[in-house]
Amino acid sequence: MADSKSILVVSAHAADFVWRAAGAIALYSSRGYRVRILCLSFGERGESQGAWKEPGMTIERVKEIRCSESTRAAKILGAEIRFFDSGDYPIVPSQGTIDQMVTEYRELQPEFVLTHSYRDPYNPDHPTANDITLKTRVYAQALGYPVSGKPLGAPPVFLFEPHQPEQCEFNPQVLLDVTPVWEIKQEAMKSMEAQRHLWEYYTDLGKRRGAQAVRNGGPKSIQYAEAFQRVYPQVTDHLS
Ligand SMILES: [Zn+2]
């Protein structure tokens, strides 16, 4: 049974959660939530271009660099992080990893879950992470699934924004105001030295989503936002 409110974030690679959801992570961490990030892979083959440009680089060294960067970013955001080292290009989770993710769900009992979109023709590992996240959520609900812990309820799942949303059939349904924690997100992004080229890109995206949040009825104080898409219907007693 979880002691405090919590959220679960499943990231295919070491840095995905930073670009796509660091604002949400920092926001909920600042509200006293326990935020737990599960990284399926270090992204050592596919998302470590900067590191591979250094002479004499090895796969183990790249993993160490990415692990160190992500751990630093998670700390900046006030989150816990766990790495499964399931490889990348492709991510291949073992049955042990699947069971451990079910255990994570059952122990954490998260209020909501964040993960990747269903489609991403630029990186097949991202849909794999989506698939594993949704599957293990369902397994964690099943009384008969053979891992210990209290069965999971039905936490909503929000998909975070992929790099090129149109190609990924990503449709923003929620714009989360992350203005109060934007400086923290920036600091976390800057801990990702191997992907410096993305710092400015995601700053621009945050501004654009912020402007859209205001346009969609949010307060004018919103300067930065992150976009999410729901997997399951919202349950409510009034429409707004
Ligand atoms: Zn990735």
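Modeller: Helices and strands here are DSSP runs, numbered from the N terminus. The model is predicted. With those labels, E169 lies in the loop between β5 and β6 (174-177).

Biologist: What is phi of E169 near, and is E169 buried or exposed?

Modeller: Start with the general idea. Most residues other than glycine have a negative phi, and most peptide bonds are trans. Phi of E169 is near 55°, a positive value in a residue that is not glycine. The cut-off for exposed is over 50% relative accessible area. E169 has 57%, so E169 counts as exposed.

Biologist: Where is D85, and what is its phi near?

Modeller: D85 sits in the loop between β3 and α4. Its phi is near 55°, again positive in a residue other than glycine. The relative accessible area of D85 is 39%, so this residue is classed as partly exposed.

Biologist: Which peptide bond is cis?

Modeller: The bond from Y89 to P90 is cis, with omega near 5°. P90 belongs to the loop between β3 (80-83) and α4 (95-108). D85 is located in the loop between β3 and α4 as well.

Biologist: Which residues does L114 touch?

Modeller: Setting aside residues up to four places away in sequence, L114 touches L8, V9, V10, A21, A24, F158, F160 and F228.

Biologist: Is S6 buried or exposed?

Modeller: Burial is read against a cut-off of under 20% relative accessible area. S6 has 1% relative accessibility, so S6 counts as buried. S6 is found in strand β1, and its side chain reaches the backbone oxygen of L108 at 2.9 Å. Apart from neighbours within four places in sequence, S6 is in contact with Y33, R34, L108, Q109, P110, E111 and F112.

Biologist: And D237: is it buried or exposed?

Modeller: D237 has 75% relative accessibility and therefore counts as exposed. D237 is in the segment after β7. The side chain of D237 makes a polar contact with the side chain of H238, at 3.3 Å. To place D237 relative to W19: the two are 218 residues apart along the chain, and their C-alpha atoms are separated by 34 Å.

Biologist: Turning to the open spaces, what is the volume of the largest pocket, and how many residues line it?

Modeller: The volume of the largest pocket is about 320 Å³. Its lining has 17 residues, of which R20, E47, H163, Q195 and L198 lie nearest the centre. By class, the lining divides into 5 nonpolar, 8 polar and 4 charged residues. α1 (16-30) and α7 (198-215) each supply at least two residues of that lining, and the largest share, 3 residues, comes from α1.

Biologist: Which residues line the second largest pocket?

Modeller: Q173, R230, Q234, T236, H238, L239 and S240 line the second largest pocket. H238 also makes the polar contact with D237. The second largest pocket holds about 190 Å³ of space, and its lining splits into 1 nonpolar, 5 polar and 1 charged.

Biologist: How many cavities of 30 Å³ or more are there?

Modeller: What separates a cavity from a pocket is that the 1.4 Å probe fits but cannot get out. This structure holds 1 cavity of 30 Å³ or more. The largest cavity has about 80 Å³ of space.

Biologist: Which residues line the largest cavity?

Modeller: They are W19, R20, E161, K185, Y202, L205, G206, R209, A225, E226 and A227. The lining divides into 5 nonpolar, 1 polar and 5 charged. α1, α7 and β7 (225-230) each give at least two residues to it, with the largest share, 4 residues, from α7.

Definitions and conventions:
Residues are numbered from 1 along each chain as its sequence is written. This is a predicted model: local features need pLDDT of at least 70, side-chain atom pairs count only at pLDDT 80 or more; totals for chains, interfaces and linings use all residues. Side-chain values use heavy atoms; hydrogens and water are left out. On a 1 Å grid over the protein atoms alone, a cavity is a set of points where a 1.4 Å probe fits but cannot get out, and a pocket is an open set with protein on both sides within 12 Å along at least five of seven lines; lining residues have an atom within 4 Å of a point. Grid points are joined across faces, edges and corners, and a volume is the space filled by probe spheres set on the points. Ala, Val, Leu, Ile, Met, Phe, Trp, Tyr, Cys and Pro count as nonpolar, Asp, Glu, Lys and Arg as charged, and the others, Gly among them, as polar. Contact means heavy atoms within 4.5 Å. Buried means under 20% relative accessible area, exposed over 50%, partly exposed in between (1.4 Å probe, protein chains only). A polar contact is a pair of N or O atoms within 3.5 Å; within protein, one must be able to donate a hydrogen and the other to accept it, and residues adjacent in sequence count only if both atoms are side-chain atoms.
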